[in-house]
Amino acid sequence: MYTVVLTTNKGEHKVQDVTQVVVTTTTVTEKKPVTEFQSVEHAKRFIFFDDTSLLYGIDASKVNEVKYFKQEAAEQ
């Protein structure tokens, strides 16, 4: 799991427990690992998921910077 920090003109948005990202473009929708979602060309929207649970969605054009950090595994 990852924590993704998105910087926009309105400040930072922190999204925790991200396991995958769905990236939409004008022609396709792709599921990507967190470490690879920024490589999709002409991205229109990023949608963050924890497994199958929707966490957050944002228009790619509103994102100025993306940072992500691997989360430590929670103790059982």
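These are my notebook entries on a predicted model of a protein chain.

**Ground rules**

I am working with a predicted model, where local features need pLDDT of at least 70 and side-chain atom pairs count only at pLDDT 80 or more, while totals for chains, interfaces and linings use all residues. Residues are numbered from 1 along each chain as its sequence is written, and side-chain values use heavy atoms, with hydrogens and water left out.

**Entry: the overall chain**

I looked up the secondary structure and got zero helices and seven strands. For the record, helices (H or I, at least four residues) and strands (E, at least two) are DSSP runs, numbered from the N terminus. Written out from the N terminus, the elements go β-β-β-β-β-β-β.

Next I checked the dimensions. Along the principal axes, the C-alpha atoms fill a box of roughly 40 × 25 × 20 Å.

The chain exposes about 5300 Å², and carbon and sulfur atoms supply 45% of that. The areas come from the Shrake-Rupley method with a 1.4 Å probe; for residues, only the protein chains shown count as cover. Buried residues make up 34% of the 76. Here buried means under 20% relative accessible area, exposed over 50%, and partly exposed in between (1.4 Å probe, protein chains only).

I also asked how far contacts reach along the sequence. Taking contacts between residues at least 6 apart, 48% join residues at least 24 apart. Contact means heavy atoms within 4.5 Å.

**Entry: the four-stranded sheet**

I traced an open sheet of four strands in the order S4-S3-S5-S6, with antiparallel pairing. Its edge strands are S4 (29-32) and S6 (53-59), and each pairs on one side only. Neighbouring strands in this sheet are turned by 20 degrees against each other on average, direction ignored. Axes here are lines fitted to C-alpha atoms, for helices over the stretch in contact, and angles run from 0 to 180 degrees between N-to-C directions. Two strands pair if DSSP finds at least two bridges between them.

I went through two of the pairings. S3 (residues 20-24) and S4 are antiparallel and joined by four bridges, and they form a hairpin with four residues between them. Valine 23 has glutamate 30 in S4 as its bridge partner. S5 (residues 45-50) and S6 are also antiparallel, with six bridges joining them. I found phenylalanine 49 opposite leucine 54 in S6.

**Entry: aromatic pairs**

I count rings of Phe, Tyr and Trp (its six-membered ring) as a pair if their centres lie within 6.5 Å; planes under 30 degrees apart are stacked, over 60 edge-to-face, and the rest tilted. By this rule there are three aromatic pairs.

Tyrosine 2 and tyrosine 68 pair edge-to-face, at 5.8 Å centre to centre and with 80 degrees between the planes. The pair links distant parts of the chain, with tyrosine 2 in S1 (residues 2-8) and tyrosine 68 in S7 (residues 65-70), 66 residues apart. Tyrosine 2 is buried at 18% relative accessible area, whereas tyrosine 68 is partly exposed at 30%.

Phenylalanine 37 and phenylalanine 48 have ring centres 5.6 Å apart and planes at 85 degrees, so I log that pair as edge-to-face too. Phenylalanine 37 sits in the loop between S4 and S5 and phenylalanine 48 in S5, so the pair ties together parts eleven residues apart in sequence. Both of these phenylalanines are buried. Phe37, Phe46 and Phe48 form one aromatic cluster.

**Entry: a buried lysine**

Lysine 32 lies in S4. I have lysine 32 down as buried because its relative accessibility is 18%. Leaving aside neighbours within four places in sequence, lysine 32 is in contact with Gln20, Val21, Phe37 and Val40.

**Entry: positive phi**

Most residues other than glycine have a negative phi. Aspartate 17 lies in S2 (residues 11-18) and is partly exposed, at 31% relative accessibility.

Aspartate 51 also has a positive phi, about 60 degrees, although it is not a glycine. Aspartate 51 is in the loop between S5 and S6 and counts as exposed, because its relative accessible area is 52%.
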